[in-house]
Structures are given as C-alpha cells and as structure tokens.
Amino acid sequence: MTEAHVSAIVDEFEAAWNAHDMRRFAACFADDAEFVNVAGMWWRGREEIEQKHVAAHAAGLKDSTMRAQLAAFKEIGPSIGLAHVTWELDGHDQSGSARIADTRRGVMSWTVRDRQGTVEIVSAHNTDTLAPPSD
C-alpha cells in the first residue's frame, strides 16, 4: 500500500460526502469498520456508519461541502497503515436553526488496510480542531 493509494481513498471519501451519497461514502469503509465521530458517538459496521451519515446529511449536513487532505501516512504492518486526514467543512447547520455555521476544521485518524488491492478504512476517529482559548 502506498501513500498514493491512501490519498485516492481520501479523495473518494471527500467526493462521496460532497455528492451527499452516503452509500458511496460508506463503501470507503470495511464491512466491520468502526467510526467515532466528533461528538464521541461510536458506530460499528459499514451499515451503521452509512445510516448515521444518511440521517446527518438529511439534516444539518445536507448543504455541506468538505475538503479533505491526507496529512500523514505510515505503513505499520503488512497491508496496514495509519493515516491522518485533515478536513474543512462549510455550509452546514450546526445549531439546528438553519443558521450556517462558520468553517469547521478537524483531523481524522484512520487505520486502513489493503484488501485484495483495494484500500478500505477499518477504523476512523474524527476530531474537531478547536481554536485555542484566548487570554
């Protein structure tokens, strides 16, 4: 598995998000993947990851656009890697009031594996990047 292979799945993840196609989005994940979102909700399995994202994209994320970029990658075993993906999100309703929130930024940590020539996300942990407290 190369950095280029992992970068390609980051591009697919972003494209699926921006198309609001959560079946395509979920296809980036292994059947038995796990996903911890920015609020600490822990979803298990591709089906649950898809369902939870379908619900979010029907509500506050329905007009969102994401920019994602592979920030770091290292292979940690045969066909297993650790990726850090930075992201920016615009056009989302964070408050439930139909008010468009400011740009959000964050980083995801992914464990990825090469399964018969296809890179898939096995585990994802998403974190918002918060502004440092002001003095």
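Leaving aside neighbours within four places in sequence, E88 is in contact (heavy atoms within 4.5 Å) with T65, M66, R67, T103, R104 and R105. The model is a predicted one, in which local features need pLDDT of at least 70 and side-chain atom pairs count only at pLDDT 80 or more, whereas totals for chains, interfaces and linings use all residues. Residues are numbered from 1 along each chain as its sequence is written, and side-chain values use heavy atoms, with hydrogens and water left out.

E88 is found in strand 4; strands (E, at least two residues) and helices (H or I, at least four) are DSSP runs, numbered from the N terminus. At 25% relative accessibility, E88 counts as partly exposed, a class that lies between buried, under 20% relative accessible area, and exposed, over 50% (1.4 Å probe, protein chains only). The C-alpha atoms of E88 and A68 are separated by 6.6 Å, although these residues are 20 residues apart along the chain.

Strand 4 pairs with strand 3 in the antiparallel sense over eleven bridges; two strands are taken as paired if DSSP finds at least two bridges between them. Within this pairing, T65 stands opposite D90 in strand 4. The two strands form a hairpin with two residues between them. S79 lies in the loop between strand 3 and strand 4 and has a positive phi of about 65 degrees although it is not a glycine. Most residues other than glycine have a negative phi. S79 is partly exposed, with a relative accessible area of 32%.

A second hairpin is formed by strand 5 and strand 6, again with two residues between the strands. Strand 5 and strand 6 pair in the antiparallel sense over ten bridges, and T111 stands opposite S123 in strand 6. Q116 lies in the loop between these strands; its phi is near 55 degrees, a positive value in a residue other than glycine. At 82% relative accessibility, Q116 counts as exposed. Strand 6 also pairs with strand 1, in this case in the parallel sense over four bridges. The bridge partner of F29 in strand 6 is I121.

A nonpolar core is a set of buried Ala, Val, Leu, Ile, Met, Phe, Trp, Tyr and Cys residues joined through side-chain atoms within 4.5 Å. The largest such core has 31 residues, and those with the most contacts inside it are F13, F25, F29, W110, V112 and I121. At least two residues of this core are supplied by each of helix 1 (3-18), helix 2 (22-26), strand 1 (29-36), strand 3 (65-77), strand 4 (80-90), strand 5 (104-115) and strand 6 (118-128). The largest share, six residues, comes from helix 1. Not counting residues up to four places away in sequence, I121 touches I9, F13, C28, F29, A30, A33, W110, T111 and V112.

Helix 3 (46-58) contains both R46 and H53. R46 counts as partly exposed, at 26% relative accessibility, whereas H53 counts as buried, at 6%. With residues up to four places away in sequence not counted, R46 touches A26, A27, F29, A30, D31 and A33. Under the same exclusion, H53 touches W17, M22, F25, F35 and W43. R46 and A4 are 42 residues apart in sequence and 24 Å apart in space, C-alpha to C-alpha.

On a 1 Å grid over the protein atoms alone, a pocket is an open set of points where a 1.4 Å probe fits, with protein on both sides within 12 Å along at least five of seven lines; lining residues have an atom within 4 Å of a point. About 530 Å³ of space lies in the largest pocket, the volume being the space filled by probe spheres set on the points, which are joined across faces, edges and corners. Of the 25 residues that line this pocket, the closest to its centre are N37, V38, A56, L61 and R104. Helix 1, helix 3, strand 4 and strand 5 each supply at least two residues of the lining, and the largest share, four residues, comes from helix 3. The lining divides into 16 nonpolar, six polar and three charged residues, where Ala, Val, Leu, Ile, Met, Phe, Trp, Tyr, Cys and Pro count as nonpolar, Asp, Glu, Lys and Arg as charged, and the others, Gly among them, as polar.
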